[in-house]
Each structure stands twice: as structure tokens, then as C-alpha cells.
Amino acid sequence: MNDINWGLIGPLLALQLLLAVIGLISLAKAEQVRGPRWMWVLFLVFGNLLGSIAYFTLGRRDL
Amino acid sequence: MRKLWTLYRRELLEAVRSYRLIWVPVVFIILGIMQPLVAYYMPDILAASSNAPAALLESYELPGAATVMAQALGQYGTIGMLVLALAAMNSLAGERHSGTAELLMAKPLSPVSIVAAKWAAHLTVLLLAVGLGTAGAAYYTALLMGHLSWSAVAAASLLYALWLLCAVSLTLFFSAWLRGPAAAALALLLAAGMSLVQSLLPAQTGWLPAALPGLSAAVLAGGAAEAGPVICALLLIIACITGASLQTGRHKLPN
């Protein structure tokens, strides 16, 4: 596993990061969210793809 | 027509404000490129994550390009459909609860144009997501697994997009009556039920829209498409828009 091909994996990681950043921006701007904000921060930062999907579909009140 | 265009622009702006126009396509691209990557790195993943027997690792064969591409589209049938239904569930239900629906209906707008504009905005998000997602998946698959027929990929992704559009239209239809989450749940259950019936009785139910994913995989493998499920899906979508418009029209205040 030492020879990770970053050219292949890189775009995937960049997209995951992009999703988390969009989620955090949206969370910062949202007036109301379901549940505590810190929980959604944890979801977005550590929850990978499913955490971000959960925030965007369930966390936002104004879809 | 001009009113419809204005309403469509309003819906698209709403999709941008709720970040739906960005996050849904990004999720689809991630799902799409993950599949070929996981298939390619499967021996490494198995070796790193468990004590898999060496014989299993030795015997692992890299799946063919068409297979991996069909698997990537299969991701859209599960997680992708869930995401689309959840993203669409509040578009009519939310306006009814916030009172925007009455406000809209007080204007000289036909219910059909309101529903059609919402549907068209969801279609835009869907096409963007499936288009970018399959492009990413096809790029990685061609890079890692080998040659793919680009016209087959385009046809297969369009067939899959039509199946997803059925689920989105059903969600929109139910959200004219029910609260958002209930509408999404009902639409997903109906889609899952259709898929189940179709897989149990493939010979009798080849015309169901649920046959579209199978058709899409067949096209990828070099087969030909059938018209039955496509026509049936289009009829279902038209019925959904009509039904949702009729129900939305009832919110018109009596003059």
C-alpha cells in the first residue's frame, strides 16, 4: 500500500473535501437546523460521504 | 411560456440557494468514480482490512469495463435515488406548510406551470448529476479497466436517468398531498416494489419502468434497447405531473 497512486485517489479526496466545505458553509449560513449544530459539524468533518448526505437531506430545514 | 420560464428560473435559484445544484452532482460524481476505484483496488482493500486467504486474493480477476460501469450506475439506483427523492421531497410540501403555496396561487398562474417548473428544476439537477457522474465513472473505468463504447455509456446513462426521473416525479406527485418525508418514503417504496415485481416476474413485466436499470446494463453489454419501459416511464411521469397539478390547483383561494 506504499505506492498509492495520488493521481487516481486525489480527485476523490478533493470532491469529498469540497462536499464537506460546502456543507460547513451552508451550516454557517443556515438560520435553523434540526438538532445541535456541533453534531452536524462532526457529521460533515468525520462522516465522509454519508455524513454530508445526512446533513444536506435531514439537517437543513429550508430545502 | 414566459411565466413558465420565470418560474423555472425561480426554482433554479432556489436549487442554488439550498446548494442542491452543487451537492447532488458532487455526490453522484463521488459515487460514480468510487466504483471503478474500489473494483481496481479490491485486492489491496481485502489485504489491508481483513485476514483474507491468499488464494482469494490470487484468484481476484479485474471485472470488465461494462460490468464496472453497470455497477456504478447501480449505485445511482440505490443511494442516488434516495438522495434525489430526499432532495425533492419538500418542493411542494414545503411551500404548502410555509404558506407560499397560497401566495403563489393568488397570482394568475396555472398550477401546471408551477408544478412543471419545479419538475424541470429537479430534472436539471438530475441530468447534471447523472451526466457528470457517469462521465467521471466512464473516465475512471476506461483508465483502469479498458475500452468502453462512449455511445453505449451515453445511452445507458440516459435510460438510468429516466428511471431516476420516475422516482423524482413520484416524489413530487406524493408531496402534493403528503408531508415531505412521507412523500419521499412512499415514492421510494413504490419504486422498490416495482423493482421487486420486475425481478420476480421479468417475462410478464418487461414493460414496467423498473426494467430500465436492466435495460441500461444490457445496452452497456452491447445489447439493444426496448421501447416498452421507456414509453411506460414517460406516461408515468406525465401522470405524476398532471396529478400533482390538479391537487395543487385546489389550494386556489375562492374568488
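Author: A cavity here is a set of grid points where a 1.4 Å probe fits but cannot get out. By that test, a search of the whole structure, which is a predicted model, finds two cavities of 30 Å³ or more.

Reader: How do you know which residues line the second largest cavity?

Author: A lining residue must have an atom within 4 Å of a point of the cavity, and those that line the second largest cavity are B:Arg20, B:Leu84, B:Ala87, B:Ala88, B:His122, B:Val125, B:Leu126 and B:Val168. H4 and H7 of chain B are the elements that give two or more residues to this lining. Sorted by residue type, the lining divides into six nonpolar, one polar and one charged; since Arg counts as charged, B:Arg20 is the charged residue, while His falls among the others, so B:His122 is the polar one.

Reader: How do you know how much area is buried between chain B and chain A?

Author: The value is the accessible area that the two parts lose on being put together, summed over both, and between chain B and chain A this comes to about 2,200 Å², with 80% given by carbon and sulfur atoms. Of the area that chain B buries against chain A, B:Tyr19, B:Trp23 and B:Ile30 supply 28%, more than any other three residues.

Reader: Which elements of chain B give two or more residues to the side that touches chain A?

Author: They are helix H1 (2-17), helix H2 (20-49), helix H4 (65-88) and helix H7 (111-144) of chain B. H2(B) gives the most to that side, with 13 residues. By type, the residues of this side divide into 20 nonpolar, two polar and three charged.

Reader: How many salt bridges are counted between chain B and chain A?

Author: The count is zero; a salt bridge needs a side-chain nitrogen of Lys or Arg within 4 Å of a carboxyl oxygen of Asp or Glu, so the three charged residues on the side of chain B that touches chain A form no counted salt bridge with chain A. For polar contacts, the count between the two chains is one residue pair, both at pLDDT 80 or more.

Reader: What is the secondary structure of chain B?

Author: Chain B comes to 11 helices and zero strands, and its C-alpha trace spans about 75 × 40 × 30 Å along its principal axes.

Notes: Residues numbered from 1 in each chain as written. Chains lettered and ligands numbered in written order. Predicted model: local features only at pLDDT ≥ 70, side-chain atom pairs only at ≥ 80, totals over all residues. Heavy atoms only, no water. Buried area = accessible area lost by both parts, 1.4 Å probe. Polar contact = N/O pair within 3.5 Å; in protein donor to acceptor, adjacent residues only side chain to side chain. Helix = DSSP H or I, 4+ residues; strand = E, 2+ residues; numbered from the N terminus. 1 Å grid on protein atoms, 1.4 Å probe; cavity = no way out; pocket = protein on both sides within 12 Å on 5 of 7 lines; lining within 4 Å. Points joined across faces, edges and corners; volume = space filled by probe spheres on them.
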